[in-house]
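This report describes selected features of one protein structure. Please examine the sequence and the model before reading on.

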Amino acid sequence: MLFRSLIVFRPVYLYVLGHELMHVLATWICGGSVNSFHISSKGGSVRTSKSNFFIALAPYFFPTYTILAFLVFVLISIVKDIGEYVNLFIFMLGFTLIFHFIMTIEMIKKKQPDIIKTGYIFSGNLIYIVNILILALILSVLFKEVSFGAFLSSSILKTKDIYSIIFTGLF
């Protein structure tokens, strides 16, 4: 356990901050308001005027710090040529995505109330699918060799094949 902690340092407070801010953003997107906001290294909470599965699961879908790194990169690119910093930007996107994936897995293992409320099977599958789609989208924006449309098309065809095999096996 000590060895694992040394290899993968988990800045929980930073993750909780991003997690709760994403609940806030999702609430505002859905037309709700925030009544209270609390964060600490042991956890956090947001009380809102409305709730739905999008608000509950948004922090697991959207990598807060990856989005923030992207926005900073775009804002800097408006005032300065950032061509020489592209590799740094790609590193930051990768670093923040891995942070999101590792901490999301850690939080799911801790039986988060928002995941319990929406159900483990529904939440787990939806979180996995949305994270794969977001990763594919980011890669398609960064690298011209990656096509989001081709990924989506291939995924749909493979999913159809899987369901076809299951349906044929059952009936």
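The sections below treat strands, a salt bridge, aromatic rings and a surface patch in turn.

## Basis of the report

The structure is a predicted model. Every value given here should be read with that in mind.

## The strand pair

Strand β1 covers residues 34-40, and strand β2 covers residues 43-48. The two strands pair in the antiparallel sense, and six bridges join them. Together β1 and β2 form a hairpin, with two residues between them. S40 stands opposite G43 in β2.

## The salt bridge

The count of salt bridges comes to one. K109 forms a salt bridge with E106, and the closest N and O atoms are 3.3 Å apart.

K109 is exposed, with a relative accessible area of 52%, whereas E106 is buried at 13% relative accessibility.

## Aromatic pairs

The structure holds nine aromatic pairs. In one of them, the ring centres of F61 and F62 lie 6.0 Å apart and the planes meet at 90°, so the pair is edge-to-face. F61 is buried, with a relative accessible area of 4%. F62 counts as partly exposed, because its relative accessibility is 26%.

F167 and F171 also form an aromatic pair, with 4.9 Å from centre to centre and 50° between the planes. This pair is tilted, because an angle counts as stacked under 30 degrees and as edge-to-face over 60. F167 is exposed, with a relative accessible area of 53%, and F171 is exposed as well, at 72%.

Ring pairs also link Y15, Y65 and F99 into a cluster.

## A nonpolar surface patch

Which residues make the nonpolar surface patch? The patch is made by I67, F70, L71, V74, L75, I78 and V79, and its area is about 670 Å².

L75, one of these residues, is located in helix α4, which comprises residues 64-79. L75 counts as exposed because its relative accessibility is 57%, and the cut-off for exposed is over 50%.

Note on methods. Residues are numbered from 1 along each chain as its sequence is written. This is a predicted model: local features need pLDDT of at least 70, side-chain atom pairs count only at pLDDT 80 or more; totals for chains, interfaces and linings use all residues. Side-chain values use heavy atoms; hydrogens and water are left out. Patches are made of residues with over 30% relative accessible area and no salt bridge: like charges are joined within 9 Å, nonpolar side chains (Val, Leu, Ile, Met, Phe, Trp, Tyr) within 5 Å. Accessible areas come from the Shrake-Rupley method with a 1.4 Å probe; for residues, only the protein chains shown count as cover. A salt bridge is a side-chain nitrogen of Lys or Arg within 4 Å of a carboxyl oxygen of Asp or Glu. Helices (H or I, at least four residues) and strands (E, at least two) are DSSP runs, numbered from the N terminus. Buried means under 20% relative accessible area, exposed over 50%, partly exposed in between (1.4 Å probe, protein chains only). Rings of Phe, Tyr and Trp (its six-membered ring) pair if their centres lie within 6.5 Å; planes under 30 degrees apart count as stacked, over 60 as edge-to-face and the rest as tilted. Two strands pair if DSSP finds at least two bridges between them.
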